[in-house]
Structures are given as C-alpha cells and as structure tokens.
Amino acid sequence: MTAAALPANENERIALLHALDLLDSPAEPSFDRITRLVARTLRVPIALVSLVDTNRQWFKSRVGLDALETPREFAFCAHAILQESPMIVGDATKDDRFADNPLVIGDPSIRFYAGAPIVTSGGLVLGTLCAIDSQPRVLMQDEIDTLIDLADLVSKEIQQRETALLARTHMEHAQSAIEVSESHFRSIFERAALGIALVAPDGGWISVNQSLCDIVGYSQTELLGLTFQDITHPQDLETDLSLLQQLVESQIDHYQLEKRYFRKTGEVVWISLSVTKQLAANGELEYFISFIEDIHARKEAEASLATLRRDLEHRVEERTHELRTANEMLSYSMAQQVSYQKALIKREAELSAVIENANDAYVCMDQAGVVSDWNQQAQNTFGWSAEEAIGRRLEELIIPPRLREAHVAGMKRYLRSGESRMLNQRLELSAMRRDGSTLLVEVRVRALDLDGQKIFSAFLHDITERKHHEEQREHEARHDALTGLPNRRALFEILPQAIARSNRNHTQTALLFLDLDGFKAVNDTWGHEAGDSLLKEIASRLSNCVRETDAVARLGGDEFTLILEGLSGREATVWVAEKLLETISIPVPIGAASAQVSASIGIALYVPDSDMSPDQLVTAADAAMYEVKRASKSGYRFGN
C-alpha cells in the first residue's frame, strides 16, 4: 500500500478545515441530498462527502456506510486531494497504491472509486465528493461531469461558510456608524464584493453600496427613494417580513434566506439575503444591516441540473433554496445616533483597524508619491516598519531600480492627463524588500480626490509562492513522477512540433514505440520497488542513447517512446534501435542480484510533407511493436 504525500499547503488546509467547524458536526440536508444524488446517478452503493483531517478522513455526509471516519493512511481521498481533477480507480486490486489496502481486502471491499476534489475559494482542497462500489467500474464522461458538477455544489456550500467566517472575523468588533460621504470608508464600503445596505425599520434604504446597485440595476439615488418591499417578489415578501418581525422581537438574532428581487428592468434576480439589527443605547431598534449576494447564475444552474435529474430526484428544483439555510450569518453592527464628530473619529479608528489587520499589504501615498499609511502586513511583506516607511517616497522603498523611472513617469502622466494603465485593475508586478530581494505581488491601486488633492491607496498581495506552485503543477502535469521523463501529455505536445520541423527542414523524423520484455517477472520476483528501480535505470539508459535534440517519454507502465529528429533515412534509425536493444539488455543490479530485460520496438518513419498525423504515427509505431511481440520479442520492426 502506497501512502499519500501531504499537500504542500497542508498546515493552511488543516487550519481552515478546523476553523470552518465542519468536522464532527451533525448531518445537514444540503450535503445529504448531494450524496444521495451521487449514489442514484452513478448507481453506486456508497457515496460520501469526505473531509481529510490530520490523521483521519471524516464523513460529513454518507450513503451506504455506517462508519463516521477511517484512518487517513487508508483513505483513497488522501490521494485524491493531491489532484486538481477527479481521481478514478477502476479496479483497486490492480492499482499498486491500493491493492493491499485494508479497505480493499476487508470491509467495505472497495473495487471502484471516483473522487472529485472539494475546493475552497483560495484553492485549498479540503476533501472529496466520492462514489464507491464493491465491483470494478468504468465511468462515462457524462457521469464524470455529473460528479464534478455535484462536487462544485459541495465546494460552493463550503465556500459560503468560508466567506462568512472571514467576514465575521474581520468585522465582528466593528461598532461605529459609517457615513456615506466619508471618502476612506466609502472606498472600503463600495469595494465589497457583496451588496451591503442599512435599512430603516419601515423598510426604506438608508445607505447602499455600488455592488447592491449593480445587482438590482438602480442608481443609489433611485434606490434610496424606494423600500425593500418595493423590489421584493410578492411570493417571497411574506416570509421575509415574518423573519424580520422575529428579529425585531428578539426571537432570533439574525436570519438568512434566498429570495427574489425585481431589477429596474422588471427582470427577476435571485439573491441570498443575510440580516441582523442594530440597537440604540436605550435598546430601541435603529436600523437593519443587510448583506445581499447575487446567486442568480447558481439558481439557473441548479434548475438545469434538476431538470436533467428529474427522473432521479424530481423534488430537487423545488427545494434548491434550502442548500444554504444552515449558513452562519454575518454579524455586523453600527451605531448611528452619535454626533458627526464622534462618528468620524470612530470611522477613522475602524478603518485603521481593518487596514492594519488586512491580509494584504496596504500602502497610501500622496500625489508626490510620499507614503502616508503603511499597515502591519506591509511591514511583514517588505521589511520596512511604518515609522521608517511613512514620509519616504514609494520608489525608495519597494520599486525595483529598473522600474523606478517608469513609476515616476506614470505618476506624472496621470496627474497631468488623468490617464493611467495602473488604476482600478489587478496587476502582477515585481517589488523589492528592504534586504534587496525581489518578490511578485498582485497590486490593486485606486485614486481618490480629497480637497483637490490626489491620494493613492494600494493593496499588494505576495503571490510568489502561488506562482511557484503553479509552475510546479505545470511541470508535474507534463512529466512522469517516477522517471522524470516527459509523459503522454507532453509527447503529444512535442510530436507535432517535431513533425513541423521535419517539414520545414526537409528531414525525416522517427517515432520508436518501446515495450520492455520480462518486466512483469521482475515485479513478480523482487516486488514493485525493484520494478520502479529498473524503470528508472532504463529511462536513464534511453536518455543517454539519444541526442539532446531527440526526446524520450514514458507513456506508463513499461512503455516508452523516442522521437528522433533530423534523420536522412532508415539506416540512422536502425543504428539507434540496435543500440537501444544492446543497452537495455545489460543486466540491472537489484540488491545483491541482477535483473535482465529486453525490448520490443516498433518504428514509424515520418517523411517530410506527408499526410501522416501525430496520432497515425503513434498508431503505426504501436502496431509495429506488437508485431515484434507476437513474432519473437526482443527486436524492432518498421510500421507501414
């Protein structure tokens, strides 16, 4: 049994999993409906929502299995969370990772497994939505797509909880009223991804942000002249008012529901509404605080999925809105009946606390480029303390020398013409730490006009590690993990390029399809570890037998391919094939013993400007290799 490696972000993943309070929590309909749908759609006896903890996998939802958890070391899901796409194991008894797994050789006798990752908004994989059968299976593509779609629903459920957790953590101590006209607070208020509104006890809008205006299609001025009752769908209004009355009477401290608004155009838009209340010092109700999320696209997708699965669960469409009824509500309170001066002081303190504790570095500077604000994350990211940074020009602190001239020129151009390629968008740029080292950051810059003077506020996020992981994943996707050689995917990227060069240079290209003879005996005699050692040695020998301009790839198992470019005829290919056979036949040390294998080689020759496609070339070489296998093994043959 092969134990799964730990993800590179394991500590961060486990921390978020525990923070979401999903582990050891009661069953929830929003998850149980999905596992039932997996079991029925894929026709499997077992379906699970599995969360991979430090030493166990715990089942948030399960169909067909009594156990609440199993050790992580036995978990198929521990392997599946290392992949971006679904992991499919057609027959576990034939998979080296799982053949001797206790869950395979004992209860529940797993043979087939399909697991799609459950991903947070930050890309962390917390577990899988998986289907299990005691019989070997092969999934069709539409069944795999269904599993992915349902896993996305589970992911979105968890992402909603993640969003609520993050928002609640950052905002639960905010107590001050925020006035719309104050520029700094309005910047944070307007940039929120969710719609936010303060609502009077009679339903009138007191304050709304731009995100809410974008959802309903009204301007802020138009919306402030209406009430929430004016734009709520009549079929949803009674439920909303009933919950609002329970909130007023303190029967509940918040509520959440999915409802419909009418846009200005008359179109219906589905939203997720979270509401709490703000009381005055004397206990009287001041206003309600509402958070509005546009979920129209999700609702349409859920309705389409329900239609496709009507024969399996006809009630899905009617009850889709229940998926999020158990979400934790955002808690946000503000005082409104204090003097303007006190409100302004509290707003400034509140804004400073949000910025100081933000996950992104925050930098504010005047129109001369002099830093006026520098938060703790900026100190952590760039190494300059706030005392050192404030009062100095930004280019002296974090702009690399090669970019400083362009930075200064861009500032001057914007102040002169109002034109800038930097403002109000996400950019990836190089920055510099105090010690002179560089890093890659994602930058968002916004310009504000205060009393005729421009100020610039910027949020910077270190994405160096993320970029490194992306490059690493890209490399792993195109290379064989055991031998380090290019894999099948890389082969089908390299081969068309080699054919194009052959046409351009008027030279021939040969594709050699090589399969080891006697490899199974090595595995059976000395075990898979010895077999892996032999494959790595053969991979090294193959690479040493060809030129740097040629390519060697491992397709899987004991199958390899070689691409030989710049050939003048068959003779050069024959010479290489004989050299390969001779090299491969040299015994390979296996501990105190040695193993000897041979190879069957099929050769397909590409002539410039012929009509052979890469697939046809591979097919011809593969067929020629099997001709050698059937004839005598240990030889080579040219395909047609």
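**View 1. Cysteine Cys77 and its closest cysteine partner.** Cys77 is buried, with a relative accessible area of 2%, where buried means under 20%, exposed over 50% and partly exposed in between (1.4 Å probe, protein chains only). The sulfur of Cys77 lies 4.0 Å from the closest cysteine sulfur, that of Cys130, which is too far for a bond. A disulfide is a covalent bond between the sulfur atoms of two cysteines, and the term is used here for a pair of cysteine sulfur atoms within 2.5 Å. A search of the whole structure finds zero disulfides. Cys545 also counts as buried, at 8% relative accessibility.

This is a predicted model, in which local features need pLDDT of at least 70 and side-chain atom pairs count only at pLDDT 80 or more, while totals for chains, interfaces and linings use all residues. Residues are numbered from 1 along each chain as its sequence is written, and side-chain values use heavy atoms, with hydrogens and water left out.

View 2. Asp107 and Pro108 are joined by a cis peptide bond, with omega at about 5 degrees. Pro108 is found in the loop between helix H4 (102–105) and strand E5 (112–119); helices (H or I, at least four residues) and strands (E, at least two) are DSSP runs, numbered from the N terminus.

**View 3. Two loop residues with positive phi.** Arg43, although not a glycine, has a positive phi of about 60 degrees. Arg43 sits in the loop between helix H2 (29–42) and strand E1 (46–52), and is exposed, with a relative accessible area of 55%. Ser634 has a positive phi near 55 degrees and is partly exposed, at 43% relative accessibility.
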